[in-house]
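Please prepare a briefing on the structure below.

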Amino acid sequence: MEHFFKLHERGTSTRTEFLAGLTTFMTMAYILAVNPNILSAAGMDKGSIFTATALASAVASFLMGFIANLPFVLSAGMGLNAYFAYTVVINMGYSWEIALTAVFVEGVIFVLLSLCNVREAIFNMIPPTIKVAVSVGIGLFIAFIGMQNAHIVVNNDATLVGIFSFKGSISSGTFRSEGITVLLAMIGVLITAILVIKGVTGNILLGILITWVLGMFAQAVGLYVPDPDNGFYSVFPSGIVSIPASMAPTFMKLDFKAILTANFWVVVLAFLFVDMFDTLGTLIGCATRGKMLDKDGKLPGIKGALLSDAVGTVTGACFGTSTITTFVESASGIAEGGRTGLTAIFAGLLFILSLFFSPLFLAIPSFATAPALIIVGFMMMQQVTAIPWTDITEAVPAFLCIAAMPTMYSISEGICLGIISYTLLNLITGGKKKVSIGMIILTALFILKYFLI
C-alpha cells in the first residue's frame with residue numbers, strides 16, 4: 001500500500017486514511033436515507049434506490065482511490081436528485097426511466113470530456129484567486145449546511161433565514177424533540193473545537209461520536225423524545241444487520257424514446273452544468289484546503305478524479321440512481337489528514353457494509369454530524385488570507401464567489417459569478433493580460449446559461 005498510494009510521501013498512514021474515510025462516510029451517510037426519499041417521489045422503488053446509491057457510491061469511490069489516488073468520496077448529489085424527481089419527472093412530466101436516461105447521457109458526455117481533457121483544461125484556466133475563493137466559499141457553504149441540518153438555522157418569512165428559537169420551542173412543546181437536538185449540536189461544536197485545539201487525533205470523528213453518545217443519553221433519560229412525523233428519529237439503531245434490497249426494480253431501466261426532443265437535451269444540459277461545476281468546485285476547494293495543488297495551481301491526478309466522477313454517474317444511472325458526484329463532505333476527511341485514495345477506498349468499503357448494517361449507519365443523527373461540518377467550514381475559511389484584498393479586480397470576484405455559495409446554496413453559481421465578474425472587471429479596467437481566451441469563452445457560456453437553462 002505504501003508503494004501504490006505513496007502514504008509516506010504524502011505524510012499520512014493507513015490508520016490516518018482509515019479515520020479520514022470513516023469521518024467522510026459518517027458526515028455523508030445521510031444520503032443513504034435522503035436519496036431514496038427524494039427519488040421515490042418520482043415513483044421509484046425505495047429499497048432499490050438505497051442499494052443502487054450504496055453500490056454506485058462504492059464503485060465511484062473505489063475508482064477515485066485506485067485511478068486518481070485522491071481522498072475524495074462520491075455519492076448521489078444533493079440538488080441534482082431533487083431536480084431529477086421534482087423538476088424532470090413531476091413538473092416536466094417525464095417518466096423516471098427517461099430521467100435516468102438523461103443522467104446516463106450526461107455521464108457518457110462527461111466521460112468523453114474527461115478523456116479529451118476538456119474538464120481538466122477548465123480546472124486549470126480558473127485564476128488562482130478564484131480557486132482560493134472557491135475553497136473559502138465552500139467552507140461557508142458546508143458550515144451553513146451543518147447549521148441547517150442541526151436546525152440552528154431555520155426558515156424565516158421575514159428574512160429568509162433566522163436562528164432557532166428556544167423560547168418558541170418551549171412554548172410550542174417541541175423542545176424535547178427539536179430544541180434538544182439544536183442544543184446538542186451546539187454542544188457538539190464546542191466539544192469538537194476543544195478537541196481540535198488540544199490536537200487530539202481523530203478530533204472530527206470523535207466530535208461526531210461524542211455528540212451521538214450525548215444524544216443517546218438524552219433519549220435514555222427522556223430529555224430527547226423522538227418525533228418521526230416531524231423528522232426527529234430515535235438515535236438508537238433499530239437493529240444491526242440488514243438484508244440488501246434487490247436493485248431489479250431500477251436496474252438498467254433506461255428509456256431512450258425522448259432522446260431526439262429539445263426538452264430532453266435541456267434536461268441533460270442542466271445536469272451537465274450543475275454536475276461539472278459542483279465537481280470542479282469541490283475538487284478545487286478540498287484540494288486547496290489539503291494543500292494538494294502544485295505550484296502552478298494544478299491538481300495532480302485530476303484526470304483520474306474527473307473520470308471517476310463521470311464513470312460513477314454512468315454506473316449510477318444503470319443501477320437506478322441520480323447523478324453521482326464528488327461530495328463536499330470530503331473536506332471532513334481531508335481535515336482528519338486524508339491525503340490519498342485509500343481514504344476514498346475505505347469510505348467505499350463502508351458504503352458496501354451499509355448494505356448489510358443499514359440500521360446502524362442510518363441511526364447517525366444529523367445533529368451529530370453538523371458540528372463536524374461547521375468546524376471543517378471554519379478550517380476552510382482560513383484560506384481567505386491568501387486573497388489579495390488590495391487588488392480590487394481580484395478581490396471583488398473572489399468576494400462574489402464566496403458570498404454566492406452559501407446564499408444561493410450552490411457551488412456552481414459561486415464559480416459562475418466569480419468567473420463572470422473576474423473576466424468583465426479585468427477586460428473593462430485594463431487587465432486584459434490576466435484573462436485568457438478560454439476564460440472569455442467560459443464567461444460567455446455562463447452568461448448564456450442564465451438565459452437558456
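The structure holds 0 disulfides, a disulfide being a pair of cysteine sulfur atoms within 2.5 Å. This is a predicted model, in which local features need pLDDT of at least 70, side-chain atom pairs count only at pLDDT 80 or more, and totals for chains, interfaces and linings use all residues. Residues are numbered from 1 along each chain as its sequence is written, and side-chain values use heavy atoms, with hydrogens and water left out.

**Cysteines**

- A disulfide is a covalent bond between the sulfur atoms of two cysteines.
- C416 is in no disulfide either. The nearest cysteine sulfur to that of C416 belongs to C401, 9.8 Å away.
- C286 is buried, at 0% relative accessibility. Buried means under 20% relative accessible area, exposed means over 50%, and partly exposed lies in between (1.4 Å probe, protein chains only).
- C416 is buried too, with a relative accessible area of 0%.

**Salt bridges**

- Side chains of opposite charge can pair when their charged atoms come close.
- A search of the whole structure finds 6 salt bridges. The criterion is a side-chain nitrogen of Lys or Arg within 4 Å of a carboxyl oxygen of Asp or Glu.
- One of them joins the side chains of K257 and D255, at 4.0 Å from N to O. K257 counts as exposed at 69% relative accessibility. D255 counts as partly exposed at 21%.
- Another joins the side chains of K295 and D296, at 3.6 Å from N to O. K295 is exposed, with a relative accessible area of 79%. D296 is exposed as well, at 51%.

**The K434–E394 pair**

- K434 forms a salt bridge with E394, and their closest N and O atoms are 2.9 Å apart.
- This pair links distant parts of the chain, 40 residues apart. K434 sits in the loop between helix 19 (411-429) and helix 20 (437-452), while E394 sits in helix 18 (residues 392-407). Helices (H or I, at least four residues) are DSSP runs, numbered from the N terminus.
- K434 is partly exposed, with a relative accessible area of 34%. E394 is buried, at 9%.
- The pair belongs to a network of salt bridges that links D391, E394 and K434.

**S177 in helix 10**

- S177 is found in helix 10 (residues 175-197).
- With a relative accessible area of 7%, S177 is buried.
- A polar atom of the S177 side chain lies 3.0 Å from the backbone oxygen of T174.
- Not counting residues up to four places away in sequence, S177 touches Y224, V225, D227 and F232. Contact here means heavy atoms within 4.5 Å.

**T201 in a loop**

- T201 lies in the loop between helix 10 and helix 11 (203-220).
- T201 counts as exposed, at 52% relative accessibility.
- Leaving aside neighbours within four places in sequence, T201 is in contact with R15, L19 and L206.
- T201 and D296 are 95 residues apart along the chain, and their C-alpha atoms are separated by 32 Å.

Technical notes:
Helices (H or I, at least four residues) and strands (E, at least two) are DSSP runs, numbered from the N terminus. A polar contact is a pair of N or O atoms within 3.5 Å; within protein, one must be able to donate a hydrogen and the other to accept it, and residues adjacent in sequence count only if both atoms are side-chain atoms.
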